[in-house]
Amino acid sequence: MKRLDKLKNKASEILNRTLDQHINLAVTGLSRSGKTAFITSLVNQLITEGNGSKLSFFDPVHNGNFIAAKRVPQQNLSIPRFDYDKAITSLTAEPPSWPEPTHGISELRLAIRYQPQKSILKYAADMATLTLDITDYPGEWLLDLPMLKQTYEQWSEQTQALLTSSPRNKYSHDFLEKIGNLDPFDVADEEILAQLSQEYTELLHTFRYQLGLSVIQPGRFILPAELVGAPILEFFPFPNLTKIDGNEYQNARDDSFIGMLRARFIEYKEEVVKKFYHQHFMRFDRQIVLADCLTPLNACSENSGPESFDDLQLAIDMILESYSYGKSGLFSRLFSPKIDKLLFAATKADHVTAEQHAPMVSLLNQLIYQSKHNINFEAIEMKTLAIASVKSTNSGKSFHNGQQVSVIQGHRLKNTLDKETVEKITLFPGSVPEKLPQKEFWQESAFNFINFSPMSGMTKHEALPHIRMDQVLQFLLADKML
């Protein structure tokens, strides 16, 4: 019976793809880029349309052929459902709070009903249904995908280069010294392996949460999910492998330090990374990349240099290499879908005034220039927007020294004694540079973009306030709803 249901689901999916009535959306972003809030808002805008929703730039709504949308059972029953109800409850509670970040994989499926006006479907039925599948996963796991193309030696060499560069080098010196004192060909001590793996994991936490860096490998070390305590997470890069004789390295005993580290690296790639890739990355045909450019600017100021921003640029380049891009014809839609539309979104547009949105877009375009240039070779459609999935501030005007200035007002999130508090604040948050400043700039100036709590007074059955979510929907969905 299960096999029959599986075949029916597959046949239904193929039929929808044949009619071009199925989208598998990749929501891509690193930790704290706003993936959970984005998915919650996207679902909310569609299922509450007609109930205070403001989607004037989404043609199916503007032209009157959008009917309704609802959540329906997902295809993969072994994967947890994206907890939309929990997320929307957090946002609409009193006081409101941001949804919990993603700690594992989840899925959600929407059925979007509309009246076809231009496509061949208008001759077959009065109504048509577009199926939208969304997969959510921790952003940290994405950075493991490039490891699939690397040997243990290559990964160790790349990671050593990062660990010995600013600002990581200040924190990793003692760790590298300890590994340097090991004889790679000695019989491995499991206790030493576990201890050094824990130290490496603590370093990754420092890089991510204290320094605001983005390139964190392996990603499961800081978000292990079901792998907590598993020996497969007990490995680390071994420095200066290029100085070891190649034959000795290849013939190292399985129970030696280097033999065990290499084996666990390979096992991690095969059993964790490759399975994740094959289960979730082979069928995407639309993608949005969420990037928080404001937090790295703050981190750059704190560290007196552009390293945090450079690290975000490297992370995005690494992630985008793992996806398949290209025009999606009938054959590829059926058997090997490729991403044919790619949207880059600079998040937290509500944390700055409206005239700063254009510089946000310009800054993100500089950040993704090389990736965009490479992908453009495949002639796919791309766009960059400044968005706020869930708007947390109101904008207005104020007077300062006799001059009228643009300001925003919201409730500032503050961490005091391990407790989050909020205070109402009105401010001009500062200007966003159109391009990354030169190194000298960081010695004299600083950015301090602050975080806000969600606005009070939002309800579950009305559309969440947003900035440009209608333009997001227009780019990602509208051409399938003609």
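In which handedness of crossing does helix 8 pass helix 10?

## Model and confidence

This is a predicted model, in which local features need pLDDT of at least 70, side-chain atom pairs count only at pLDDT 80 or more, and totals for chains, interfaces and linings use all residues. Residues are numbered from 1 along each chain as its sequence is written, and side-chain values use heavy atoms, without hydrogens and water.

The chain has a mean pLDDT (the predictor's confidence in each residue, from 0 to 100) of 85, with 87% of its residues at 70 or more. Confidence is highest in helix 17 (residues 469-477), at a mean of 97, and lowest in helix 13 (residues 330-335), at 40. The pLDDT is below 50 over residues 329-335, a stretch with 14 contacts (heavy atoms within 4.5 Å) beyond near neighbours in sequence.

## Overall make-up

The chain contains 17 helices and 10 strands, taken as DSSP runs (helices H or I, at least four residues; strands E, at least two) numbered from the N terminus. Of its 482 residues, 54% count as buried, that is, under 20% relative accessible area with a 1.4 Å probe, protein chains only.

## Helices 8 and 10

Helix 8 (residues 190-210) packs against helix 10 (residues 257-280) at about 55 degrees, and their axes lie 11 Å apart. The crossing is right-handed, meaning that the near helix is turned clockwise from the far one by less than a right angle.

From helix 8, Glu190, Ile192 and Leu193 meet Phe257, Met260, Leu261 and Arg264 of helix 10. These contact residues comprise 5 nonpolar, no polar and 2 charged, where Ala, Val, Leu, Ile, Met, Phe, Trp, Tyr, Cys and Pro are nonpolar, Asp, Glu, Lys and Arg charged, and the others, Gly among them, polar.

Terms used
Axes fitted to C-alpha atoms, helices over the stretch in contact; angles between N-to-C directions. Buried < 20%, exposed > 50% of the residue type's maximum accessible area, 1.4 Å probe, protein only.
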